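Dear colleague,

I am handing over the structure below, and my notes on it follow directly after.

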Amino acid sequence: MTLLTLLVEPTSLLAVAVLVLSLLWWMSTRRPPGLPPGPGPALPLLGHLHLLDKDFRSTFRKWRRQYGDVFSLYMGGRLVVVLNGYQTIKEALVKNGDVFSERPSIFVMDRIVNNKGVAGSSGAVWKEQRKASLEILREMGLGKNVLAEKVQEEVTHYIKALHSYQGQQVDVSQMTHISISNNICSIVFGQRFEYDDSFFNTLLESVDLNMKTVGGSVVLNFMPWLEYLPGDLFKFKRTLANVDFVENNLIHPVLKEHIDNHTEGNASDFIHAYIREIRKREESGQPTTVNTENLLKIIGDLFVAGTETTATAIRWALVFFLHNPDVQDKCYDEIQRVVGTERAPSMRDKPELTYLEATIMEVLRRGNIAPLAVQHGLSRDVTFHGYTIPKEAIVLPFLETALLDPEAWDEPSAFRPERFIGPDGKLKKPDELIPFGVGRRVCLGESLARVELFLYLATMIQHFRFLPPEDGRLPSLEGVLGVTYSAKPFTVRAVSRK
């Protein structure tokens, strides 16, 4: 055997190996007949990730124009199907909800929730947890005046805290997060925290950091082998550490205290009511997923979801008030006429505060807080819009295409509450307004969020005129995309109206 042969053979073997691996990858990521259309051939390892802009929404908008309301792409080796427009999203999540209501098996979600709780579970686990959670939340007052009264108590603390700044400019982000979180804390484990509580501030900072940075971990859903790279390039280790920090320092101790102090018939908060259900099922001997492992994750689900979305919406409302002072003035005039200044607004005032309600609806639409609902999965292969979507696909409902669709909304980028008021002066709600999603996976806390937004904003406007800082600098209308789409940091002056 010559030296040349020895040199050529390893090179040839390597070339063959590369060719075989590339062929196998191409076969696994090529677009089989029947799939929704999408961009061209996928690259090995990357799929179509290299084609996505840093803000992937701009790429998705372009592909919607090019391929239609149902298109597909490969992220790494995973097929992703994107649903666009209200009618398409509704057809999938409502009319075909029995198929489209699963959660896909993806790396980050599997590592954090492991098919437990409500937000990230699927199948029988999800159905039983959602049913039990909704029943308990209704027992706690969800959708009733008793819940509104609890929120009003917290609003009083929030208004007092705003008054303490005496009209000086302040970033209200942290105090808003704490205040909104106090509502869900009161419901879930019967406790609220002071705004200067360093322990609770640290917990919320951990949650907030995860909401902003977990987007960087998303790439691991499609290329999980990247987890083994040295360091923490995708901030996934930090994400897990923050989850552990909240669980170990808040959720575990609170759960243990409730278990140790639980008495028969005690249902003073969500945890006690859930423990009651655990013991009922234990006594019946029936197989069930109502257990402490799922309760642990549900507490986390409620704690995170019950804080982030509403607090983010309030911050967006302030951004839009600063850019549209006439809207703020119209809200105040209406509140002054209906409620006056001698008492706090209540849910009984809601039917008459039409312009305020329209403003809240416009905040939820224009703020576009959750441009993509949480990933959906399929219970089986499905034919949809003439395409065949395999069970293993990840389905992304692109809610932005309903909330900001130029075919549904006149000047969709403009902030105009009047679009929700009919010629008769009554409130109207277009079908395309789906900020909390639609179908069986609609946000569990939607009714609480709507109560909070109404009571907070009504009382805030009653007490204060919100102005830019002394230098007149207005906050950016461009947000930061993480798990939610949040306003960039800004300061505001809350000037007392009295």
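In which hand of crossing does helix 11 pass helix 12? Helix 11 passes helix 12 in a right-handed crossing, where right-handed is said if the near helix is turned clockwise from the far one by less than a right angle, and left-handed if anticlockwise.

Please note that this is a predicted model, in which local features need pLDDT of at least 70 and side-chain atom pairs count only at pLDDT 80 or more, whereas totals for chains, interfaces and linings use all residues. Residues are numbered from 1 along each chain as its sequence is written, and side-chain values use heavy atoms, with hydrogens and water left out.

Helix 11 (residues 236-261) and helix 12 (residues 270-284) pack at an angle of about 60°, their axes being 10 Å apart; helices here are DSSP runs of H or I with at least four residues, strands are runs of E with at least two, and both are numbered from the N terminus. Axes are lines fitted to C-alpha atoms, for helices over the stretch in contact, with angles running from 0 to 180 degrees between N-to-C directions. The two helices are therefore oblique to each other (under 35 degrees is roughly parallel, over 145 roughly antiparallel, 65 to 115 roughly perpendicular, and the rest oblique).

There is also an open sheet of 3 strands in the order 1-2-6, with mixed pairing; two strands pair if DSSP finds at least two bridges between them. Its edge strands are strand 1 (70-75) and strand 6 (394-398). Strand 1 runs antiparallel to strand 2 (residues 78-84), joined by 6 bridges, and Val70 stands opposite Leu83 in strand 2.

Best regards
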